[in-house]
Amino acid sequence: MKYYFKPNDNIINTVNTHAGFSPVDSIFELIDGSDDAGARTIEVTYKDSEKFPGTKCVVVKDNGSGFENPNTGIPSIITDFGGVPEDTSRTKHKAFGIGTRQTLTKLAKDGGYASVESNDGKTKAKYVTKYDGNGRYYMTLEENITLNTRGTIMTLDGIKTSDSVNSIYGKISVTYYSKSKENIGRAGLRINFNGNVVKFHDPLMRDLIDLIDDKNIARLETKIVKTPYGKYKVSTANFIHSGNTKKFFDNPIVADYLSKTPYEKNDGL
């Protein structure tokens, strides 16, 4: 049985062509989706594809809530391209409905393999996203289900990118720093990358700025911004990194810190 995507298919093709998502963005879309599902542990595998030489294979597995009743939940949610779920507490999987769906359909159109497998604790199912060559996208039910515990596995095989393992690891380590912290009595997010626990790093180096306590070389400015969606805390870090005066990176504490982080591969920042 085929579950066709609901919107005008030209919309999907337009998004896939002009949305500006890079191949690497697809990895972070899947991680974000796992976080939306309440996952506390996410396992990311990034390696050379065996099926599509010259491309990459990404697998993101989480222990989140899974798609509710995945036999019908996966196709009903994923094929609703651009839909905004009414119940964001359970089925949001990205509130605006574009990122993950764009990732799956774009890869299918490019000739790769994109699957979604989920277990809600009661039932489980696996679907593959496909492109019919005539501008239409659909999902088909697969038989080889491997997930025996609650959660979701998304597989993207055939991603055309040259990003290295170190590059992806570094981006994950800073992108999800804030998620790794404990908040509201809840354990922080844990990500395993290619079998290794990710050591997170604050891209604003807030703890480091507090530690050196020298506003002449580094300072943090924070303000509250009100939007229609709520209030947000926005922080900006300012570093002195050039000229004849004392610089942030000259501080021995800073130098030692940077020698142990991915920043050292990018001239400090």
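Is threonine 175 buried, partly exposed or exposed? Threonine 175 is partly exposed, with a relative accessible area of 43%. Here, buried means under 20% relative accessible area, exposed means over 50%, and partly exposed lies in between (1.4 Å probe, protein chains only). Threonine 175 sits in helix α6.

The model is predicted: local features need pLDDT of at least 70, side-chain atom pairs count only at pLDDT 80 or more, and totals for chains, interfaces and linings use all residues. Residues are numbered from 1 along each chain as its sequence is written, and side-chain values use heavy atoms, with hydrogens and water left out.

The protein chain holds nine helices and eleven strands. Helices (H or I, at least four residues) and strands (E, at least two) are DSSP runs, numbered from the N terminus. Of the 269 residues, 44% count as buried. The chain exposes about 14,500 Å², and carbon and sulfur atoms supply 49% of that area. Accessible areas come from the Shrake-Rupley method with a 1.4 Å probe; for residues, only the protein chains shown count as cover. Contacts were also sorted by sequence separation. Among contacts between residues at least 6 apart in sequence, 63% join residues at least 24 apart. Contact means heavy atoms within 4.5 Å.

Helix α2 takes part in two helix pairs, described in turn. With helix α6 (residues 165-175), α2 packs at an angle of about 40°, and the axes are 11 Å apart. Axes are lines fitted to C-alpha atoms, for helices over the stretch in contact, and angles run from 0 to 180 degrees between N-to-C directions. The two helices are therefore oblique to each other. Angles under 35 degrees count as roughly parallel, over 145 as roughly antiparallel, 65 to 115 as roughly perpendicular, and the rest as oblique. The crossing of α2 and α6 is right-handed. Handedness follows the near helix: turned anticlockwise from the far one by less than a right angle, the crossing is left-handed, and if clockwise, right-handed. Ile27, Phe28 and Ile31 of α2 make the contact with Ile168, Lys171, Ile172 and Thr175 of α6. By class, these residues divide into five nonpolar, one polar and one charged. Ala, Val, Leu, Ile, Met, Phe, Trp, Tyr, Cys and Pro count as nonpolar, Asp, Glu, Lys and Arg as charged, and the others, Gly among them, as polar.

The buried residues of α6 are Ile168, Gly170, Ile172 and Ser173. Their cover includes α2, β2, α7 (177-180) and β8 (190-193).

The second pair joins α2 (residues 25-36) to helix α5 (residues 99-109). Their axes come within 9 Å and cross at roughly 135°. That makes α2 oblique to α5. The crossing is left-handed. Ser26, Glu29 and Leu30 in α2 meet Gly99, Thr100 and Thr103 in α5. This contact has one nonpolar, four polar and one charged residues.

Aspartate 35 also lies in helix α2. At 14% relative accessibility, aspartate 35 counts as buried. Beyond its neighbours within four places in sequence, aspartate 35 is in contact with Arg40, Ile42, Lys179 and Leu189.

Isoleucine 42 belongs to strand β2 (residues 41-48). Isoleucine 42 is buried, with a relative accessible area of 0%. Residues up to four places away in sequence aside, isoleucine 42 touches Ile31, Ser34, Asp35, Val60, Lys61, Asp62, Leu189, Arg190, Ile191 and Asn192.

Backbone torsions were examined next. Most residues other than glycine have a negative phi. Asparagine 69 has a positive phi of about 45° although it is not a glycine. Asparagine 69 lies in the loop between β3 (56-62) and α3 (70-78), and is partly exposed, with a relative accessible area of 34%. Asparagine 194 likewise has a positive phi, near 50°. Asparagine 194 lies in the loop between β8 and β9 (196-197). Asparagine 194 is partly exposed, at a relative accessible area of 31%.
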